[in-house]
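This briefing walks through a structure for a reader who is new to the subject. Please keep the sequence and the model in view while you read, and look up each residue as it is mentioned.

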Amino acid sequence: MLAKRIIPCLDVTAGRVVKGTNFVGLRDAGDPIEIARRYNEQGADEVTFLDITASSDQRDIILHIVEACAEQVFIPLTVGGGVRKVEDVRRLLNAGADKVSMNTAAVQNPDLVFDASSKVGSQCIVVAIDAKQTAPGQWHVFTHGGRNDTGMSAVEWAKKVEMLGAGEILLTSMDRDGTKNGFDLALTRAVSDAVKIPVIASGGVGNLQHLADGVSEGRADAVLAASIFHFGEYTVRQAKEYMAARGIEVRL
Amino acid sequence: MAGRTIAVIDYGMGNLRSAAKAVEHVAAGATVVVTADPAVVAAAERVVFPGQGAMPDCMRELDARGLREAVLQAAREKPFLGICVGEQMLFERSEEGDVAGLGVFPGVVRRFPEARMVGADGLRLKVPHMGWNEVRQRPHALWAGIADGARFYFVHSYCVQDIDPALTAGTTDYGLPFTCAVARDNIFAVQFHPEKSARDGLQLLKNFVEWRP
């Protein structure tokens, strides 16, 4: 049986992994390659690098990190942040990324999803959706770190990017991100039930029960978390054992 | 080209770097070259044929670079490892874009049938089939040191179905059982990505590097 995936996410800037809440109070969490290798040893199913570098002159740093990671860590690597053109996608894939995630650029230019997936294959293209609840049972897509309401329904946008060729959706609840209160399970389930492509739940994980809930109640195909792993609260292995004990299929 | 050379065939599709680096990681004393040169492929001791993206594009690029003959020749005479679309291309035909493959093996590559995409829990199975799934082995040298049922990383929407059982070296279930590893003589080809399958994937690549078919 296909295993549900656990994906540690590493926010990378200036060559270092950082973690903060709502982009403030960033704490240095270490060297990305070292951390990726550690997660691999713990049994992570993939790792995701999110390049949160603001200035474009530092963009090439992420390419070097991806190259180094691909030489040493033999599990799938997704890279996102600052992807605006098909050329950006190609450069990241050529450096060693397996999947590339796009967010704001996809909202501004949905053709990018189509062009990129036509060129490199759907399996490489992840569309990241930042969603925020606007009414009970309703979520809108936000951009720019949750500041801009696009007015689009997150569920409808997920269906649209699936049609355009996205191979996977990385769904983040802006309401929950950084809170440690758990995933927005209703949002996760609404999106996962609406599409035929895999959905990764993200935003709000504070304990292992949250990860299990994301799969069993949110119906996510994979769960992504950052801080609970970075600062040693839990290992990926512990997370998997916890989920397995609750009847969830994982790779141990 | 002194010593042992392992050629990773480059026809311009997707990320060959990971495959090359993973082979390099386990191939002590060998030279791993990523190449689009038929002469280098012909001179290599063994060949890795990766693939990513849509099969029609892969076939087109393979021909555009004049590599078809080199691939077919390698598949006839030296240890040959196909990966993902590099496995699918060995068959006669793919439903994806209704394109002809290399025809090394009889059989057709089909999309996961929508009607079968229901899990044991009654929920829909997502396509692409993405993630770590269990591989049931048939006896073969390339499984040495790998537990039967070990998980490998898959990412694909098409797979070979209903092929000659004599060619099957491994199977996986996803809505339906499908062949995820095929083997004949000097050829071994897998639907999953050994270069992304952590320890067991590296073990398979190591077995390939040392394989004397």
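UniProt positions are given here in the numbering used for this model, and an annotation of this kind may be inferred rather than shown by experiment. The model itself is predicted. With that caution in mind, the unreviewed UniProt entry carries an "active site" annotation that covers Asp11(A) and Asp130(A).

**The annotated residues**

- Asp11(A), one of the residues that the record lists under "active site", is found in strand 1 of chain A, which spans residues 5-13.
- With a relative accessible area of 13%, Asp11(A) is buried, because the cut-off for that word is under 20%.
- Leaving aside residues up to four places away in sequence, Asp11(A) is in contact with Arg16(A), Val17(A), Val18(A), Lys19(A), Leu50(A) and Ile52(A).
- Asp130(A), also covered by the annotation, belongs to strand 7 of chain A, residues 125-135, and it counts as buried at 11% relative accessibility.
- The residues that Asp130(A) touches, again not counting those up to four places away in sequence, are Asn103(A), His140(A), Val141(A), Phe142(A), Thr172(A) and Met174(A).
- With Asn103(A), the contact is also a polar one, since the record of atom pairs shows the side chain of Asp130(A) and the side chain of Asn103(A) at 3.2 Å, and a polar contact is a pair of N or O atoms within 3.5 Å.

**Salt bridges**

- Over all chains, the count of salt bridges comes to 33.
- One of them joins the side chains of Glu46(A) and Lys99(A), with 3.1 Å from N to O.
- This pair links distant parts of the chain, 53 residues apart: Glu46(A) sits in the loop between helix 1 (32-42) and strand 4 (47-51) of chain A, and Lys99(A) sits in strand 6 (residues 99-102) of chain A.
- Glu46(A) is buried, with a relative accessible area of 0%, and Lys99(A) is buried too, at 2%.
- Glu46(A) and Lys99(A) are also part of a network of salt bridges that links them with Arg5(A) and Glu168(A).
- Another salt bridge is formed by Lys180(A) and Glu233(A), whose closest N and O atoms are 3.3 Å apart.
- Lys180(A) is in the loop between strand 10 (168-173) and helix 7 (185-194) of chain A, and Glu233(A) is in the loop between helix 9 (227-230) and helix 10 (236-245) of chain A, so this pair ties together parts that are 53 residues apart in sequence.
- Is Lys180(A) buried or partly exposed? Lys180(A) counts as partly exposed at 35% relative accessibility, and Glu233(A) counts as partly exposed at 40%.
- In chain B, Glu45(B) and Arg46(B) form a salt bridge in which the closest N and O atoms are 2.6 Å apart; Glu45(B) is partly exposed at 27% relative accessibility, whereas Arg46(B) is buried at 1%.

**Where chain A meets chain B**

- The contact between the chains involves 43 residues of chain A and 33 residues of chain B.
- About 3000 Å² of area is buried between chain A and chain B, and carbon and sulfur atoms give 53% of this area.
- Leu2(A), Phe74(A) and Lys196(A) supply 27% of the area that chain A buries against chain B, which is more than any other three residues.
- Six salt bridges are found across the interface of chain A and chain B, and Lys126(B) forms a salt bridge with Asp221(A), where the closest N and O atoms are 3.2 Å apart.
- There are also 22 residue pairs in polar contact between chain A and chain B.
- On the side of chain A that touches chain B, helix 2 (59-72), helix 3 (86-95), helix 5 (111-120) and helix 7 each supply at least two residues, and helix 3 gives the most, with four residues.
- Sorted by class, that side of chain A has 19 nonpolar, eight polar and 16 charged residues.

- Ser197(B) is placed in the loop between strand 14 (187-190) and helix 6 (198-210) of chain B, and it counts as buried at 1% relative accessibility.
- The side chain of Ser197(B) reaches the backbone oxygen of His193(B) at 2.7 Å.
- Not counting residues up to four places away in sequence, Ser197(B) touches Phe74(A), Trp132(B), Phe152(B) and Tyr153(B).

Technical notes: Residues numbered from 1 in each chain as written. Chains lettered and ligands numbered in written order. Predicted model: local features only at pLDDT ≥ 70, side-chain atom pairs only at ≥ 80, totals over all residues. Heavy atoms only, no water. Salt bridge = Lys/Arg side-chain N within 4 Å of Asp/Glu carboxyl O. Buried < 20%, exposed > 50% of the residue type's maximum accessible area, 1.4 Å probe, protein only. Contact = heavy atoms within 4.5 Å. Polar contact = N/O pair within 3.5 Å; in protein donor to acceptor, adjacent residues only side chain to side chain. Buried area = accessible area lost by both parts, 1.4 Å probe. Nonpolar A, V, L, I, M, F, W, Y, C, P; charged D, E, K, R; others polar.
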